[in-house]
Amino acid sequence: MAAEVLPPGFTAKTYPEVFTQPPTQPKGNKPGQLTKEQLDKYFDQGYLLVENFFDPVELEPCQSAINDLVNDVAEKLYKAGKTTSLYGEFGFEKRLIEIEKAWPGAVMLLLKLGKLPQAFRDLWSHDRLLNVVEQIVGPEISAHAVWNLRPKAPGHTETLVPWHQDSAYFDVDTYNVHVCTAWIPFVNTTKENGCMEFATGGHKKGLVGVHQCCENFYLMLDENEMEKRLDIDLSKTEVVEAPLGSILLFNNVIPHRSIPNVTDSVRWSVDFRWQDTRKPWGFYGLKKGIPLRSAIDHDIKPDWDEYDKADRYKIQKQYEIEKFHKEEEPTDEFDVTITGPWFEKYHVTKHNEHVDAYNTEKENKTNP
Ligand SMILES: O=C(O)CCC(=O)C(=O)O
Ligand SMILES: [Fe+2]
């Protein structure tokens, strides 16, 4: 049998303790912090649902920021003559669906959001949330380079995320860094509207499996790989319905996916990540995080403007232009493809417009 050709994204290195051992906990409790049982469960399962963490009122500024963002997209498309209505009569859970029907790609424009509205900055650096993050990554906390607003519309394939480990998207030399995500829903998320599913305990080896490229722009971890290399029992995955007000915490090696949205409403959520400020950043040198809290410097003020200066989607594009000597094209504000350096980490087993936009140029460069 031919030997398996392993992709550069696979290192075979395992870091079990990074993902299974909580850091030493200082005495005393800060508001919102997890109980010992909850913390142990996070490190045992690889994820944890904390219900009623936020009063829904605390999420209203984000919901209203999302309404503004949808309005911006509606206006942009309308002004460009791509749609004939602003669909202003539709609300939070429906308007984007109508816009997407009129101009398929509207959801992608929101997914490619480069800048954080103030309400998102406030939520990411929310005091009670950081108290929890401190229990998981320790007291030196930075916001990670990667975050996403997820408008998951019914039947929309580009927001249906296949099985993966988040580290697969990051640099191989940060596979030993614990990155904690809080996935925060802005609606009740259920089995019907595309909530999250986790391969319970799949983080225990501390190993990033061989992914494949790509379902749309998403890396894929196939079930055979999950069973064989990550010792996952696929009969023990858990679909986690996260209600409004909850936070769903998970680490960067736990395999997870989201399931189809079969309702007629948008499933809105955001995912924010944190890591220890002193550990290396995992985004190909393209974007750093920013410190949010420190036990050494109590006066840290997050420099969100500095963070936002580097629009991840723009710098990913720029990286590609430089690396593959592509011709620089004028920015197309209606471009709905996503390409990124993670495409290079794994073998391409599935082609689509995103993957091809990246690799065609690569071939042109090597075979001029
Ligand atoms: O929200 C989703 O559908 C997928 C989220 C995800 O994979 C993540 O936040 O890492
Ligand atoms: Fe993920």
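Which residues touch the most other members of the largest nonpolar core? They are L219, L248 and L249, in a core of 91 residues. A nonpolar core here is a set of buried Ala, Val, Leu, Ile, Met, Phe, Trp, Tyr and Cys residues joined through C-beta atoms within 7 Å. Buried means that 20 or more other C-beta atoms lie within 10 Å of a residue's own, exposed means 12 or fewer, and partly exposed is in between, with C-beta atoms placed from the backbone.

Before going on, the ground rules. This is a predicted model, in which local features need pLDDT of at least 70 and side-chain atom pairs count only at pLDDT 80 or more, while totals for chains, interfaces and linings use all residues. Residues are numbered from 1 along each chain as its sequence is written, and chains are lettered from A and ligands numbered from 1 in the order in which they are written.

Helix α3, residues 56-79, gives the most to it, with seven residues. Helices (H or I, at least four residues) and strands (E, at least two) are DSSP runs numbered from the N terminus. The end C-alpha atoms of α3 are 34 Å apart, which agrees with the 34 Å that its 24 residues should span at 1.5 Å a residue; the expected span is 1.5 Å times one less than the number of residues. Its buried residues are C62, A65, I66, V70, V73, A74 and L77. Among the elements covering them are α4 (95-102), α5 (106-111), α6 (118-124) and β11. Just after α3, G81 has a positive phi of about 75 degrees.

As for L249, its contacts, leaving aside neighbours within four places in sequence, are Y42, Y47, L48, V50, C180, T181 and A182. Contact means C-beta atoms, placed from the backbone, within 7 Å.

Next, helix α10, residues 312-323. Q316, K317 and E320 are buried in α10. They cover an arc of only 95 degrees around the axis, so they sit on the same side of α10; the arc is that of the directions from the helix axis to the C-beta atoms. On the other side of α10, K314 and E322 are exposed.

Now the backbone exceptions. Most residues other than glycine have a negative phi, and most peptide bonds are trans. H325, which follows α10, has a positive phi of about 50 degrees although it is not a glycine. H325 counts as exposed, with 11 C-beta neighbours inside 10 Å. D231 is not a glycine either, and its phi is positive, about 55 degrees. It lies in the loop between α8 (223-228) and β8 (237-240), and is exposed, with 12 other C-beta atoms within 10 Å. Finally, the peptide bond from C213 to C214 is cis, with omega near -5 degrees, and C214 is in strand β6, residues 212-215.

Terms used:
Two residues are in contact if their C-beta atoms, placed from the backbone, lie within 7 Å.
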